[in-house]
Amino acid sequence: MIKKFEIKSHDGPGRIGKLDGELTPRVFLKDELKIAPSEGSAHNIDREIAEFNVKETLRLAEENADECDVAVIQGSKYIDLRVECLKKLEEIGYNGFIIANGDALLTNFRELVEVIVTLKKEAKKSSYFIFPFAELSFMPILTYMGIDGFLADAANYYSYLNVLQTPTKAYDLNTYPIYESITQEELEKKNLENMEFVIREIHAHMKNRSLRNLVEERSTTTPQNISTLKILNRDYMDYLLEYTQLF
């Protein structure tokens, strides 16, 4: 059931690929992914619990390897456990991965960068990564770090919070009534349309080798963008430059 993932080009660590005939980065609908069951947990837990959850996740992933093509990387706040989970999932045969606890990582930018960069360095080149619940303005920098896709569930998640996602800002409609009368379903549709627009925007910049320009432009929109880019520039420049073309 494993899907072949081909890398077509790089723009920094970010890459344009092809999966099932469609270009990545892309938005994934959950019903088009066959995700192996996993033992989820909170991000900030004791190591013993995290170790148990990784063990159970691996057991479930192996039991369902014939029917599933995407697995979840567990490990909570312990990066070595996440790497162990990734390596053993690859040994089982998976090459598509969802990074667990994405919402928690988005509140700790240093850990977010360390998790993504470490997993990308340790993973096989043929493995692809999907990030859940990202705000739209943050998608370019996640792509720049090497994320290959985003779950469409984010559009639904933010619609339940009554938040409108735009390419540059998230608007709480309770505070900013941009649409005074909008249903949850209509808001979800708008959020998904804007997700697809940002993916198109990312593709256009990657084809022009200007993804870094888009990342820097978006870095001015939110504190999380500013902090993440500063951490990347300061601590992971070698990683950023590895696939950056020289002109």
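Predicted model: local features only at pLDDT ≥ 70, side-chain atom pairs only at ≥ 80, totals over all residues.

Student: Which residue of strand β6 stands opposite V72?

Tutor: Strand β5 covers residues 70–73, and V72 belongs to that stretch. Four bridges join β5 to β6, and the two strands run parallel. Across this pairing, the residue of β6 that stands opposite V72 is I98.

Student: On the other pairing of β6, which residue of β7 stands opposite I98?

Tutor: Strand β7 comprises residues 128–131. Its pairing with β6 is in the parallel sense and has three bridges. The residue of β7 opposite I98 is I130.

Student: Which residue of β6 points the one way together with G96?

Tutor: In a regular strand, side chains alternate between the two faces of the sheet. In β6, which spans residues 96–99, F97 and I99 point the other way from G96, and all four of these residues are buried.

Student: Which helix forms a β-α-β unit with β5 and β6?

Tutor: The unit consists of β5, a helix and β6, and it is right-handed. The helix takes in residues 79–92. Its name is α2.

Student: Is R234 buried or exposed?

Tutor: R234 is found in helix α9, which spans residues 223–235. A residue counts as exposed when its relative accessible area is over 50%. Because the relative accessibility of R234 is 53%, R234 is exposed.

Student: What distance separates the C-alpha atoms of R234 and K18?

Tutor: Along the chain, R234 and K18 are 216 residues apart.

Student: Is the peptide bond from T24 to P25 cis or trans?

Tutor: Most peptide bonds are trans. P25 lies in the loop between β3 and β4. The bond from T24 to P25 has omega near 0°, and it is cis.

Student: What is the phi of D20?

Tutor: Most residues other than glycine have a negative phi. D20, found in the loop between β2 and β3, is not a glycine, yet its phi is positive. D20 is also exposed, with a relative accessible area of 53%. The phi of D20 is about 55°.

Student: Where does N162 lie, and what is its relative accessibility?

Tutor: N162 is a residue other than glycine with a positive phi, near 60°. Its place is in the loop between α6 and β9. N162 counts as partly exposed, as its relative accessibility is 23%.

Key: Residues numbered from 1 in each chain as written. Heavy atoms only, no water. Buried < 20%, exposed > 50% of the residue type's maximum accessible area, 1.4 Å probe, protein only. Pairing = 2+ DSSP bridges. Right-handed = clockwise from strand over helix to strand, strands pointing away.
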